[in-house]
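This report describes one protein chain for a reader who has not seen it before. The text starts with a cavity and then turns to the sheets and a few single residues.

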Amino acid sequence: MGRHGGRNDTDGQAVMRVPEGARVLIARSPDRAGDLVAALRKVGADPLLLPLIDFELARDQHSLDVAFDALGAGAYTWLVVSSVTTVQALEAKAAERGTTLSRWLPGSLLVATIGPATRRFLESRGVAVDLAPSGQQSGAGLIDIWPEHQGSVLLPQADIADPRLRRGLEARGAFVQAVTAYRTVDYPADPRRSLAACQPATPLGHNAAAGPDGDHAAAVLTPEQAKAEIGAGRLAAVVAASPSAARRIHEDLAPLGGCRFVAIGRSTAAEAESLGLTVAAVAEAPTASGLVAAVVRSLAGRASPPPQPAAEPTAKDTV
């Protein structure tokens, strides 16, 4: 596979615990929440899932195809990948061409990313990462360490991506071609355009929400059920892993009352605060262990978990 070969490791877990049985709502879909579900259970929490956003194929497939073909032909010096979803969109393009992403990328290509989750995901696919921030794990952190005048950059992103990463790279002298790799939509995605439906088999297995240790799957709530649980004081915290998730939590669940809002990073926290949500804790690193530590901090001093519901939600999805 050439130079794009790497390792796959796992996060360490927080050693502190939450009040036993504290119910923590994760604003993620089952296929993306497995590690966090398992990590929360290890510290005594009872995780639940609230899928709010999903991902569809980019509407402009022609532009993405042209950029992806140019990428394989060696037209770019750098590929900058800012999310796991971007990797999945590129994998779908490689699969259309009968190959894998690691085989499609030329050996001379340099790859940069932002957070450790995306780095591990790339490396699990055999794609080596050449540059990633070790301090502030965000677009701003990558801009801070970006070497000046480094040639052409392909930046595949979501349709709602913050333009500051592109502008920051250009300010450092890079020639950046930004292209929409996927669309962010309300959950669930249109089955005819769902990005997940285009995915090749993944190492995460069929039931990712069950966690890597084979735990039983977490229950999935609808927004209506989650709002009722918050209103009844039965949720201790809600975890948002993106600014778009923060917006949906505000739209669908506010006011949060005693339910603590926990953000994966500064941009998510800033979005929540701009909407009037109180941020109880921000993860120091955008990882499962970082989020768990933030949940623990947010619940510090809570004497007991919120009361348990009389019965499980009737419209749940344990897939």
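The largest cavity is lined by Leu 57, Gln 61, Leu 64, Ala 89, Ala 92, Lys 93, Glu 96 and Ala 181. The model is predicted. The volume of the largest cavity is about 40 Å³, and the count of cavities of 30 Å³ or more comes to one. By class, five residues of the lining are nonpolar, one is polar and two are charged. Helix H2 (61-72) and helix H3 (84-96) each supply at least two residues of this lining. The largest share, four residues, comes from H3.

**The chain as a whole**

The protein chain holds eleven helices and ten strands. It has 319 residues, and 50% of them are buried. Among contacts between residues at least 6 apart in sequence, 71% join residues at least 24 apart.

**The mixed sheet**

Five strands form an open sheet in the order E3-E7-E6-E4-E5, and the pairing is mixed. Strand E3 (53-57) and strand E5 (110-113) are the edge strands, each pairing on one side only. On average, neighbouring strands of this sheet are turned by 30 degrees against each other, direction ignored.

E3 and strand E7 (residues 175-186) run antiparallel and are joined by five bridges. In this pair, Ile 53 stands opposite Asp 186 in E7. E6 and E7 pair in the parallel sense, over seven bridges. Here Pro 156 is the residue opposite Val 179 in E7. Strand E4 (residues 78-81) and E5 run parallel, with four bridges between them. Across this pairing, Trp 78 stands opposite Leu 110 in E5. Helix H5 (residues 116-124) packs on the sheet and touches E4 and E5; the direction of H5 makes about 145 degrees with that of E5.

**The parallel sheet**

A further open sheet has five strands in the order E2-E1-E8-E9-E10, with parallel pairing. Its edge strands are strand E2 (46-49) and strand E10 (279-282), and each pairs on one side only. The twist from one strand to the next averages 25 degrees. Strand E1 (residues 23-26) and E8 are joined in the parallel sense by three bridges. Ile 26 stands opposite Val 239 in E8.

| Strand pair | Sense | Bridges |
|---|---|---|
| E3 and E7 | antiparallel | five bridges |
| E6 and E7 | parallel | seven bridges |
| E4 and E5 | parallel | four bridges |
| E1 and E8 | parallel | three bridges |

**Single residues**

Gln 157 lies in strand E6 (residues 152-158). Is Gln 157 buried or exposed? Its relative accessibility is 10%, so Gln 157 counts as buried, the cut-off being under 20% relative accessible area. Not counting residues up to four places away in sequence, Gln 157 touches Thr 86, Asp 162, Leu 165, Ala 178, Val 179, Thr 180, Ala 181 and Tyr 182. One of these, Ala 181, is also listed in the lining of the largest cavity. Another, Val 179, is the residue in E7 that stands opposite Pro 156.

Ser 83 is found in the loop between E4 and H3. Ser 83 is buried because its relative accessible area is 15%, which is under 20%. Leaving aside neighbours within four places in sequence, Ser 83 is in contact with Thr 118 and Tyr 182. Tyr 182 is also among the residues that Gln 157 touches.

Ala 241 belongs to the loop between strand E8 (237-240) and helix H9 (243-253). Which residues are in contact with Ala 241, leaving aside its neighbours within four places in sequence? They are Arg 28, Ile 264 and Thr 268. Ala 241 and Gly 265 are 24 residues apart along the chain, and their C-alpha atoms are separated by 7.7 Å.

Methods
Residues are numbered from 1 along each chain as its sequence is written. This is a predicted model: local features need pLDDT of at least 70, side-chain atom pairs count only at pLDDT 80 or more; totals for chains, interfaces and linings use all residues. Side-chain values use heavy atoms; hydrogens and water are left out. On a 1 Å grid over the protein atoms alone, a cavity is a set of points where a 1.4 Å probe fits but cannot get out, and a pocket is an open set with protein on both sides within 12 Å along at least five of seven lines; lining residues have an atom within 4 Å of a point. Grid points are joined across faces, edges and corners, and a volume is the space filled by probe spheres set on the points. Ala, Val, Leu, Ile, Met, Phe, Trp, Tyr, Cys and Pro count as nonpolar, Asp, Glu, Lys and Arg as charged, and the others, Gly among them, as polar. Two strands pair if DSSP finds at least two bridges between them. Axes are lines fitted to C-alpha atoms, for helices over the stretch in contact, and angles run from 0 to 180 degrees between N-to-C directions. Contact means heavy atoms within 4.5 Å. Buried means under 20% relative accessible area, exposed over 50%, partly exposed in between (1.4 Å probe, protein chains only).
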